[in-house]
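Here's a quick briefing to read alongside the coordinates. It goes from the fold to the core, then on to the charges and rings.

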Amino acid sequence: KPALRRFRPPTNATIFISQDRHLQSDKVRGQIVDQSGPFLLSGNWWDEKAWARAEWDMQLENGELVRANENDGDWTVDGIYD
């Protein structure tokens with residue numbers, strides 16, 4: 001099973017949605033050919049430090065598999081699978 005190599009800190013990304021979905025960031029870029037998700041995560045729901053996010057695994061045309069997350073319309077790439 002592949003391991004997720006996390007970027008510290010996550011890198012900002014843009015997802016272009018058109019006929020060909022495309023991801024672009026400082027560390028990875030390419031056409032999205034497959035995706036899984038969203039995986040909805042949350043924590044600390046019991047106090048004022050609550051958080052929630054939606055994550056996707058995306059496969060790019062060059063074979064790279066990345067973990068991306070979206071929060072209020074802002075995208076980041078959390079890492080790449082080895």
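Six strands close into a barrel here, in the order E1-E2-E3-E4-E5-E6, with antiparallel pairing. From one strand to the next, the twist averages 45° (axes are lines fitted to C-alpha atoms, for helices over the stretch in contact, and angles run from 0 to 180 degrees between N-to-C directions). Strands (E, at least two residues) and helices (H or I, at least four) are DSSP runs numbered from the N terminus, and two strands pair if DSSP finds at least two bridges between them.

This is a predicted model, where local features need pLDDT of at least 70 and side-chain atom pairs count only at pLDDT 80 or more, while totals for chains, interfaces and linings use all residues. Residues are numbered from 1 along each chain as its sequence is written, and side-chain values use heavy atoms, with hydrogens and water left out.

**Strand pairing**

- E1 and E6 pair in the antiparallel sense over six bridges, and Arg-6 has Gly-79 as its bridge partner in E6.
- E4 and E5 run antiparallel and are joined by six bridges; the partner of Glu-55 in E5 is Asn-69.
- Four residues separate E4 and E5 in their hairpin, and Gly-63 in the turn has a positive phi of about 95°.
- E5 and E6 also make an antiparallel pair over six bridges, with Thr-76 in E6 as the bridge partner of Asn-69.
- The hairpin of E5 and E6 has two residues between the strands, and Asp-72 takes a positive phi near 55° there.

**Nonpolar core**

- The largest nonpolar core has 15 residues, and Leu-23, Val-28, Met-58, Trp-75 and Val-77 have the most contacts inside it.
- E1, E4, E5 and E6 each supply at least two residues of this core, and E4 gives the most, with four.
- For the cut-offs, a nonpolar core is a set of buried Ala, Val, Leu, Ile, Met, Phe, Trp, Tyr and Cys residues joined through side-chain atoms within 4.5 Å.
- Buried means under 20% relative accessible area, exposed means over 50%, and partly exposed is in between (1.4 Å probe, protein chains only).

**Salt bridges**

- The structure holds six salt bridges, each being a side-chain nitrogen of Lys or Arg within 4 Å of a carboxyl oxygen of Asp or Glu.
- Arg-5 bridges to Asp-82, with the closest N and O atoms 3.1 Å apart. Arg-5 is in strand E1 (residues 4–16) and Asp-82 in the segment after E6, so the pair ties together parts that are 77 residues apart in sequence.
- Arg-5 is partly exposed at 45% relative accessible area, and Asp-82 is exposed at 58%.
- Asp-78 and Arg-53 form a salt bridge whose closest N and O atoms are 2.3 Å apart. This pair links distant parts of the chain, with Asp-78 in strand E6 and Arg-53 in strand E4, 25 residues apart.
- Asp-78 is buried, with a relative accessible area of 3%, whereas Arg-53 is partly exposed at 26%.
- Arg-67 meets Glu-55 in a salt bridge at 2.6 Å, N to O. Here Arg-67 comes from strand E5 (residues 65–71) and Glu-55 from strand E4, twelve residues apart.
- Both ends of that pair are buried, Arg-67 at 14% and Glu-55 at 4%.
- Shared partners join Arg-6, Arg-53, Glu-55, Asp-57, Arg-67 and Asp-78 into one salt-bridge network.

**Rings**

- Rings of Phe, Tyr and Trp (its six-membered ring) pair if their centres lie within 6.5 Å; planes under 30 degrees apart are stacked, over 60 edge-to-face and the rest tilted. By this rule the count comes to two aromatic pairs.
- Trp-45 and Trp-46 have ring centres 5.4 Å apart and planes at 85°, so the pair is edge-to-face. Trp-45 is exposed at 66% relative accessibility, and Trp-46 is exposed at 57%.
- Trp-56 and Trp-75 form a tilted pair, 5.0 Å centre to centre with 50° between the planes. Trp-56 lies in strand E4 (residues 51–60) and Trp-75 in strand E6 (residues 74–81), so the pair ties together parts that are 19 residues apart in sequence.
- Trp-56 and Trp-75 are both buried.
- The charged end of Lys-27 sits over the ring of Phe-7, 5.4 Å from its centre (the rule asks for NZ of Lys or CZ of Arg within 6 Å of the ring centre and within 35 degrees of the ring normal).
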